[in-house]
Amino acid sequence: MRRTVMSVFAVAAVAAGVVIGGVAEAGTTLGASAAEKGRYYGAAIAAGKLGDSVYTGILNREFNSVTAENEMKWDATEPSQGRFSYANADRIVNHARSRGMLVRGHALLWHQQQPGWAQSLSGSALRNAAINHVTQVATYYRGKIHSWDVVNEAFADGGGGGRRDSNLQRTGNDWIEAAFRAARAADPGAKLCYNDYNTDGINAKSTGIYNMVRDFKARGVPIDCVGFQSHLTNSAPADYQANLQRFADLGVDVQITELDISGAGQATAYGAVTRACLAVARCTGITVWGIRDTDSWRTGQNPLLFDGNGGKKAAYTAVLNALNGGGSTVPTGGPSSPPPGGTGGCAASVSLNAWTGGYVATVRVTAGSSPISGWTVGVTVPSGGAITGVWSATGSATTGAVAFRNVDYNGTLAAGAATEFGFQGTGTAPAGTPTCQPG
Ligand code: G3I
């Protein structure tokens, strides 16, 4: 029997008998619970830590999106001019994609972490080098990146609401739009974001960015999203949700991209930020900037969701409860939907037959407006359950984040064409809309 995705998961949870406080439990991990609300829950990760089993165990269990904390920055990917270096970034991308996690690309152009050779350039030589960098890196990762931070932190702090001085800014005020146009040409399927900090409430800096985005939309400069880093202390600004909403009202997605919160109000503030995102239809996902407190760039401030031993903190529970609470809005485009102006991509939808203690899921994979030659569908299996069988696809794991890849005969799909595969499992079925990525 076929049912719609949203109703089906409520039925599955009830059928499985998972009830907390009289309400059917939606999910038991951050990624699964966010997916049920049509959103992703991600973490910034470091390639050098993937061999740490506690770290990677949490990553694979809890998260369905990743950001490279440093490995995709200009100094890492183009250490000398025209010589590109992707080994560490590839480790992150491969880890994520092989498990069906989304990848946020961070960051194509930024005034920090530039290679020494770029720091010594100026004028048209720097402009050309910067645009070439955008083109080369976005082309290399074409089809693999959900969202790119095309430009990071280009606005000044303080009351002026203007651009930050930098070598890039001195190449001309149009450097940002030039970067976005180059990124769109290189990877039409990626959402293109502007990302910044101290923009979490309505203030002069966020209003300067707001005006830029409004101007870009009016002139047809390709921009799809704005990232709010949200490095917070004790609480979020009172107008946090209102600020997200005013950007969404311009016609862009909003994403919380580098969340960490220090101070006594930590757990409460994490809950409030989560609810704010759920209340804004175009807030498509949240990324925390690290996994354990000991992984954080904010040394000694313990601003993350897991303690140094990998234990769940009160802040973790606050986020999970908020994700599983009511009152969210459904994103206009889910995490796997093709971006506006994009041509590639695929989408996946699930129909379930669930009973107490188990389920069979049938997944329909549909190509976007371009043909695809392979697909990867990602789901997060709620803890306590496991996948026990798969047909017409191969599964990367039986618990946690699982990537299903096409088999020989069903990978090639014409534009708009669809195919189906299935899996069965014990416990509660994965919640929400699965991710789908070509390739
Ligand atoms: O890997 C080297 C190591 O070999 C060396 O021994 C050590 C000595 O200092 O440095 C190590 O590199 C450091 C790198 O992090 C990896 O740990 C760099 O010095 C350090 O500058 C770098 O810091 C990163 C910072 O960006 C750079 O500005 C942080 O990890 C990273 O979390 C942080 O992320 C930024 C976002 O990209 C943008 N928004 C703000 C956010 C926090 O600053």
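Visitor: Is C283 buried or exposed in this predicted model?
Guide: C283 forms a disulfide with C277, their sulfur atoms 2.1 Å apart. The relative accessibility of C277 is 1%, so C277 counts as buried. For C283 the value is 0%, and because the cut-off is under 20%, C283 is buried.

Visitor: How many residues apart in sequence are the parts tied together by C193 and C225?
Guide: These two cysteines form a disulfide with sulfur atoms 2.1 Å apart. C193 lies in strand β7 and C225 in strand β8, so the pair ties together parts of the chain separated in sequence by 32 residues.

Visitor: Which strands hold C346 and C436?
Guide: C346 and C436 form a disulfide, and both are buried. The pair links distant parts of the chain, 90 residues apart. C346 sits in strand β12 and C436 in strand β19.

Visitor: Which side chain makes a polar contact with the side chain of K73?
Guide: K73 is found in the loop between β4 and α4. K73 is buried without a salt bridge, and the nearest side chain of opposite charge, E69, is 6.6 Å away. Beyond four places in sequence, the contacts of K73 include H106, A107 and W110. The polar partner, at 2.7 Å, is the side chain of Q113.

Notes
Residues are numbered from 1 along each chain as its sequence is written. This is a predicted model: local features need pLDDT of at least 70, side-chain atom pairs count only at pLDDT 80 or more; totals for chains, interfaces and linings use all residues. Side-chain values use heavy atoms; hydrogens and water are left out. Helices (H or I, at least four residues) and strands (E, at least two) are DSSP runs, numbered from the N terminus. Buried means under 20% relative accessible area, exposed over 50%, partly exposed in between (1.4 Å probe, protein chains only). Lys and Arg count as positive and Asp and Glu as negative; His and the chain ends are not counted. A salt bridge is a side-chain nitrogen of Lys or Arg within 4 Å of a carboxyl oxygen of Asp or Glu. A polar contact is a pair of N or O atoms within 3.5 Å; within protein, one must be able to donate a hydrogen and the other to accept it, and residues adjacent in sequence count only if both atoms are side-chain atoms. Contact means heavy atoms within 4.5 Å. A disulfide is a pair of cysteine sulfur atoms within 2.5 Å.
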